[in-house]
Amino acid sequence: MDMEMGSQHFGHQHPVVFKDVLNDQTKEAICLRCGEMVFGSSFSCMECEFYLHKKCAEAPSKIDHPFHRNHPLVLLPEPSYEGCFCNFCGKTCEKSVYHCSCKLDFHIKCALFSLNMAEKKLEELKHITIKVPLLFTEDDNKELEKLNCFMCWEPLLESMYFSLDCGFNLHKKCVELPHEIKYPFHKRHPLILQFNVDHFSCKICLQKPSAKGFVYSCSPCRFTVHIKCAEFPPILNLPCHRNHPLFLHVKREDRSCHACRENPSFMTCEETQQNKFYRCSPCTFGLHLECALPPLTIKEKIHKHPFSLFWRQVSFICDACGLQGKLCDCRVEIEYGSYSCFNCKFVVHVKCALEKKGWYKEVEPKDIDRKLAIVPKMSTNPIDCVIEKNEDGEMTKIKHFSHEHNLILSKNLIEGHCDGASLVDKYCDGCVLPISNPFYYCSECDFLLHESCAKSRKQEQLWFHICQRFLILLVGCIFRCDLCQSESNGFSYMCKKCDVHYCLYCATRNYRIKHQAHRHRLFFDRNHKGRCSACNVSVRGLFKCKSCDAFNLHVDCLRLPLTAWHKCDEHRLALTYEEVNKYSEYQFCDICEKKRDSRKWFYHCATCDISAHSYCALGKYPFIKPGSIYKELKDHPHPLTFVRKIFSGPRCHKCFQPCRDLVLECADSSCDYVVHWDCVKPAYLRSEKTARPKTETGEIVEDTSEGSSCIIL
């Protein structure tokens, strides 16, 4: 229905027509007051491109807003100053605004929507879906994690929220907030829910509110608290201190928190401002606000299971920072809180678990059972069929998903292979390390798998991978491991979203390991800076010894195989951690004949007294299995075989230089094609080592050693 209206009402020189539906417009119609697309009922000019939403056209020239009782909000045709932003949604204002001299500005739709909220006219939200944050699904939206509620300006995913279809970011609990509250620390007057305009510091956390969202405030007394701070109860009864209730104190406390142990005497001014306490008057017990009311359950990105807050006293080594978990007070027996995993023995301090916002997500207690069952989408068992078992229940013959033939269990490396050769210089097709007992072998071809590698699940969550989705076990591809940066054609775990691969060795390492080079267990510390005991390079992010603090190992050197084969010696070379001969004239590499650094690990044969640099003994590509077939080279018609050339061989068909190290030879005996792997490897493997944001590992701080090969993670 069309209806002509008086043009003076809209400040336009031509007659304006009202239309129920805008259906004859070929170009996009933009509302001149809000700047958004026009759909449905609207006013428009027949002679020029003048459009107004019905709601924008009928917007009152002045609003007495319950959330701003001091002055009316006046409708202006444009912002009164540059850089104007809406105090409700935080976005820039470019068209008409509701303005108050208190430095408050609102889009028309934001002012009218908040007015309806204040008057409890919430028809716009009646049919909007209320969403509970789905924390661990494959379709998790990273953009959603960055959004804040327009009322409290806390992360939207902290609580149930209205679907974004309503056009506003709103927690359900914030929309339902009472307009007035009686606050125990300001009994003189009630606190009024209002737009944040006075910019007074919050009386609880002492932080100044931003110029967005809402606060509870008493304007005459200049008493203001954040919405979140107003929710802190004045009295708490906690299982960690059962003797007495804890009272909220808004004055500064010069005491240590009994959960995180931080003392204000050693804190910065900014940290001290946040040092508000729940305190027990009869005792010396006290807790920071955030320590007294931590989330009951969190999902830490460095671990695949959820953590539950554990309020009882327990002695443990924190798996996040390695600190002793039993913190006990000398005067009073105290029970401390910690986060623990339902499904395994992973335990974390409250402080460590909540150290960085991006490392965890909160879980509502009522959603624990429903949301925390993380189940992969397909079967994870890599063994398709068990063909035979022995009396001890061991799987002696299996069908593995990665190979076309059946595999047989062996515990004797000296047993003959299918071609009659010894297995002592063979490599596992999974981790591409020298084969060792027990292992599975194929009686029809050269396929070998360590028993442990054969049991690697087809889908897995890795503790160091930030996105915490299930990674898929891939076979038959060449990749660069995102941790140790080695090129490999063994098994890999791949994250489709992050487009990264992890070699089987790195993927199966835990955050706490035992290495033959050191008598104590090593623990991964993401913040520790020190020199790697293997390569003498300074690194942040190391496996370190907490017992003696004298041994560090970074991820690249952790990957070094314990033994290596080289044609310079008939025996296996053993990875050696200390010099066997202290005389400097003997500290040379028997392969390259150059001097070795006595501070670095090397490979050594005790029988023949031969020593070698690790990179000389292993070659440039130690984790590409010799003898494996490569079929991806498009400019040669035959399959190619990976071969390691210790000495100079025939000339490369690409660069025409003598072939050394890893080369590809034609599998057809009638063809003499040979080429360096460096000359033909695909482009995705040619890029240099780069920093990756996908893992919680480390980075190189400085490199003063010659010839080192270290990762940057």
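Author: Let's start with a term we'll need: a salt bridge here is a side-chain nitrogen of Lys or Arg within 4 Å of a carboxyl oxygen of Asp or Glu. By that rule, Arg-480, Glu-487, Lys-620, Asp-678 and Lys-681 are linked in a network of salt bridges. Keep in mind that this is a predicted model. Searching the whole structure turns up 20 salt bridges.

Reader: What makes Asp-678 and Lys-681 a salt bridge?

Author: The distance from N to O is 3.8 Å. The cut-off is 4 Å, so the pair qualifies.

Reader: And why is Lys-681 called buried?

Author: Buried means under 20% relative accessible area, and Lys-681 has 10%, so it counts as buried. Asp-678 has 30%. That value falls between the 20% and 50% limits, so Asp-678 is partly exposed.

Reader: What makes Glu-394 and Lys-411 a salt bridge?

Author: Their side chains meet at 2.8 Å, N to O, and that is within the 4 Å limit, so they count.

Reader: Why is Lys-411 called partly exposed?

Author: Lys-411 comes in at 48% relative accessibility. Exposed needs over 50%, so Lys-411 stays in the partly exposed class. Glu-394, at 24%, is partly exposed as well.

Reader: How do you know which class Arg-599 belongs to?

Author: Its relative accessible area is 52%, which is over 50%, so Arg-599 is exposed. The side chain of Arg-599 meets that of Asp-597 in a salt bridge at 3.1 Å, N to O. Asp-597 has 24% relative accessibility and counts as partly exposed.

Reader: Let's move to the nonpolar parts. Why is Phe-39 called exposed?

Author: At 61% relative accessibility, Phe-39 is over the 50% limit, so it is exposed. Phe-39 is in the loop between β2 (16–19) and β3 (42–45).

Reader: What makes Ile-30, Met-37 and Phe-39 a patch?

Author: Nonpolar side chains are joined into a patch within 5 Å, given residues with over 30% relative accessible area and no salt bridge. Ile-30, Met-37 and Phe-39 form such a nonpolar patch on the surface, and together they have about 280 Å² of accessible area.

Reader: Now the inside. What makes a set of residues a nonpolar core?

Author: The residues have to be buried, come from a list of nonpolar types such as Leu and Phe, and be joined through side-chain atoms within 4.5 Å. The largest core found this way has 87 residues, and Phe-88, Tyr-98, Met-151 and Leu-170 have the most contacts inside it. Helix α2 (residues 108–118) gives the most to this core, with 8 residues. The core also draws at least three residues from each of domain 1 (16–58) and domain 2 (180–231). A second, separate core has 72 residues, including Trp-601 and Cys-616.

Reader: Why do you say that α2 is largely enclosed by the rest of the structure?

Author: Because 9 of its 11 residues are buried. Among them are Ile-108, Leu-112, Phe-113 and Met-117. Just after α2, Lys-120 takes a positive phi of about 60 degrees.

How values were computed
Residues numbered from 1 in each chain as written. Predicted model: local features only at pLDDT ≥ 70, side-chain atom pairs only at ≥ 80, totals over all residues. Heavy atoms only, no water. Patch = residues over 30% accessible without salt bridge, like charges linked within 9 Å, V, L, I, M, F, W, Y side chains within 5 Å. Areas by Shrake-Rupley, 256 points an atom, 1.4 Å probe, with all protein chains shown as cover. Helix = DSSP H or I, 4+ residues; strand = E, 2+ residues; numbered from the N terminus. Buried < 20%, exposed > 50% of the residue type's maximum accessible area, 1.4 Å probe, protein only. Domains from an automatic or database assignment.
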